[in-house]
Amino acid sequence: MSAPSRFKTSARDMVLSLVVLLAIIGSIVWLTQGCEFSPSGPTIDPSSAPTVDASKELGAAARRVDFPVRVPAVPDGWRANSSNTLPLGQGPTRTTAVRVGWITPGGKYLRLSQSKAPVEDLVVLEAGGGVTADTIGSADVAGMKWTKYHGRGDEPAWVLSVDGVQLLITGSGTDDDFRALATAAQTAKPITRS
């Protein structure tokens, strides 16, 4: 009896090794529930996100920046889940972007950025690298004209300049969500610095 050829042994061993490897990977994925199929894109479980006090965070930021900051009265059910400030620009034109994000009852995310930086710089900051501040339209919200820009991925960015401060809204929200936040932002009174 002759020994099996080297090719047949190698191919059989490779198939058996792949079966064992796939069984191990499948067990890990099943045990950790590490994969999820979501053809409509990622969703956010509103109850799992952290919560921040937007009024308190924006008040604290207003004391540290040299431009007026607004605290929008967002619709009931919206929950602020993030707040931060980021440096923007260089040299004598360096400024700050004050940002707060909310999760809507529908599980969508919206962020409001406020800064005295040029519109182009703020749009590029919020959209990430490789995006230019080219307008893609506008939206009229209660008599104010918000300019639309390309944002991160397929998320738009809406910008309104008020008294030298840019208000920028971006995120995965619906058009109605954008309009609700735009209305709240443009009608909010700037925080009085103390």
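This is a predicted model: local features need pLDDT of at least 70, side-chain atom pairs count only at pLDDT 80 or more; totals for chains, interfaces and linings use all residues.
Trainee: Let's start with strand β7. Is it buried or exposed?

Mentor: Buried. Strand β7 covers residues 165-171, and seven of the seven are buried, so the strand is largely enclosed by the rest of the structure.

Trainee: Which residues sit on which side of β7?

Mentor: Val165, Leu167, Ile169 and Gly171 are on one side, with Gln166, Leu168 and Thr170 on the other, and both faces are covered. In a regular strand, side chains alternate between the two faces of the sheet.

Trainee: Which strands does β7 pair with?

Mentor: One is β3 (residues 109-115), which runs antiparallel to β7 and is joined to it by six bridges. Ser113 has Leu168 in β7 as its bridge partner. β6 also pairs with β7 in the antiparallel sense, over six bridges, and there Val162 stands opposite Val165.

Trainee: What about the hairpin of β6 and β7, how many residues are between the strands?

Mentor: Two, and Asp163 in that hairpin takes a positive phi near 50 degrees.

Trainee: Switching to rings. How many aromatic pairs does a search of the whole structure find?

Mentor: One. The pair is Trp158 with Phe178, and it is tilted, at 5.1 Å centre to centre with 40 degrees between the planes.

Trainee: Which parts does that pair tie together?

Mentor: Trp158 lies in strand β6 (residues 156-162) and Phe178 in helix α4 (residues 175-187), so the pair links parts that are 20 residues apart in sequence.

Trainee: Okay, helices. Which residues of α2 are buried?

Mentor: In helix α2 (residues 54-64), the buried ones are Ala54, Leu58, Gly59, Ala61 and Ala62. They cover an arc of only 165 degrees around the axis, which puts them on the same side of α2.

Trainee: What's on the other side of α2?

Mentor: Lys56, Arg63 and Arg64 are exposed there.

Trainee: Last one: which residues form the nonpolar patch on the surface?

Mentor: Met14, Leu18, Leu21, Leu22, Ile25 and Val29, with about 560 Å² of accessible area together. Leu18 is in helix α1 (residues 6-32). An α-helix has 3.6 residues a turn, so residues three or four places apart point the same way.

Trainee: Why does Leu18 count as partly exposed?

Mentor: Because its relative accessibility is 45%, and exposed needs over 50%.

Technical notes: Residues are numbered from 1 along each chain as its sequence is written. Side-chain values use heavy atoms; hydrogens and water are left out. Patches are made of residues with over 30% relative accessible area and no salt bridge: like charges are joined within 9 Å, nonpolar side chains (Val, Leu, Ile, Met, Phe, Trp, Tyr) within 5 Å. Accessible areas come from the Shrake-Rupley method with a 1.4 Å probe; for residues, only the protein chains shown count as cover. A salt bridge is a side-chain nitrogen of Lys or Arg within 4 Å of a carboxyl oxygen of Asp or Glu. Helices (H or I, at least four residues) and strands (E, at least two) are DSSP runs, numbered from the N terminus. Buried means under 20% relative accessible area, exposed over 50%, partly exposed in between (1.4 Å probe, protein chains only). Rings of Phe, Tyr and Trp (its six-membered ring) pair if their centres lie within 6.5 Å; planes under 30 degrees apart count as stacked, over 60 as edge-to-face and the rest as tilted. Two strands pair if DSSP finds at least two bridges between them. The arc is that of the directions from the helix axis to the C-beta atoms.
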